[in-house]
Amino acid sequence: MSIILALVIFSVLVIVHELGHFLLAKWNGITVTEFSVGMGARLFSYEWGGTRYSLKLLPFGGSCMMVGEEEESDEEGSFGSKSVWARIAVVAAGPIFNFLLAFVMSVIIVANIGYDDTIVDVTPGYPAAEAGMQNGDKIVRMGGSRTYVYREISLFNSLYQGRNAEVTYCRDGEEYTVLLVPVRDENGFYRYGFEKANVRTKGNAFQTLGYSAAELRYWLKATIESLLKLFQGQVGLDDMSGPVGIVDAIGDTYEESRSDGWYYVTLNMLIMSILLSVNLGVMNLLPIPALDGGRLVFLLIEAIRGKALPQEKESMVHFVGFVLLMGLMVIVLLNDIRHIFL
């Protein structure tokens, strides 16, 4: 079941990503030769409006093939014949559609089970209580960043264990700011001395939309902060997960929630999908050759210079980047297998 669920989730995320490229390409008059779901040999296809729509053998991945995307072409409707800003919009649309998908799924989650607000209960004897915080206080800022959902607070404490934190909280319409120095508990975990007071809170339609945006902001922040930790060397290979690790995590989540019924299985799969969709969007925007972010770098250079770099040089850079990415994927895959099966 975990493999089936993972294939469904991966397929939806990739299709939506490619749909972003497709729709913006069509909008800008770029000829799309093929839009495919899956990879490998074609199982079924039909042509409409100058585009071949294909269902392929391997049930993951997808593609949006445009005229002149990989090679120089003077043909009308080719990728290169459009303005640099039109091409930037087409390339950026894939990751942006992943963020839009994550937002839509967040709306479903928040509408069904509510949001986790930042109202806290304070533990006696810990820094928060000693600084004057009380049960029912609402944390509005922590570590210099605005907080909308409690998981942003948990994320800060998880990523910056032991760090002093400036906390701004609201009580009876008044805001107060304190500096908290965390202390270790009996398990060796640094704590400020407060915890979430409410399980989940349901709001009206406007609150649902607002807190859904906050959910998306949280996942973006978590992804970007984790990547920064990776580049800074504070996170190692053992903390990364590839396809095998993700399938295993999906399977564990399914097993843990299936006893509660399909309603909760669906909600948990949506939460996993939000995480993966945001990760896919962020990773694709990194300035790495062969990814959308790498292509955007070349397009932005073209916008600044007023002319494009030679196509063969750009293609070579993307090819080298692709080879290196495949090598990294193999390493992560083997590391996943080592963790799970050895």
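**Pocket lining and a helix pair**

Colleague: Which residues line the second largest pocket?

Modeller: Y150, I153, S154, N157, S158, F189, R191, Y192, G193, F194 and E195 line the second largest pocket (on a 1 Å grid, an open set of points where a 1.4 Å probe fits, with protein on both sides within 12 Å along at least five of seven lines, lined by residues with an atom within 4 Å of a point). This is a predicted model, in which local features need pLDDT of at least 70 and side-chain atom pairs 80 or more, while totals for linings use all residues. Residues are numbered from 1 along each chain, and side-chain values use heavy atoms, without hydrogens or water.

Colleague: Which element gives the most to that lining?

Modeller: Helix α4 does, with 5 residues, and the elements that give two or more are α4 (150-159) and β10 (194-196) (DSSP runs, at least four residues for helices and two for strands).

Colleague: And how do the lining residues divide by class?

Modeller: There are 5 nonpolar, 4 polar and 2 charged residues in the lining of that pocket, with Tyr counted as nonpolar and Gly as polar.

Colleague: Switching topic, at what angle do α5 and α7 pack?

Modeller: Helix α5 (residues 205-231) and helix α7 (residues 262-285) pack at about 55 degrees, with their axes 9 Å apart (lines fitted to C-alpha atoms over the stretch in contact, with angles from 0 to 180 degrees between N-to-C directions).
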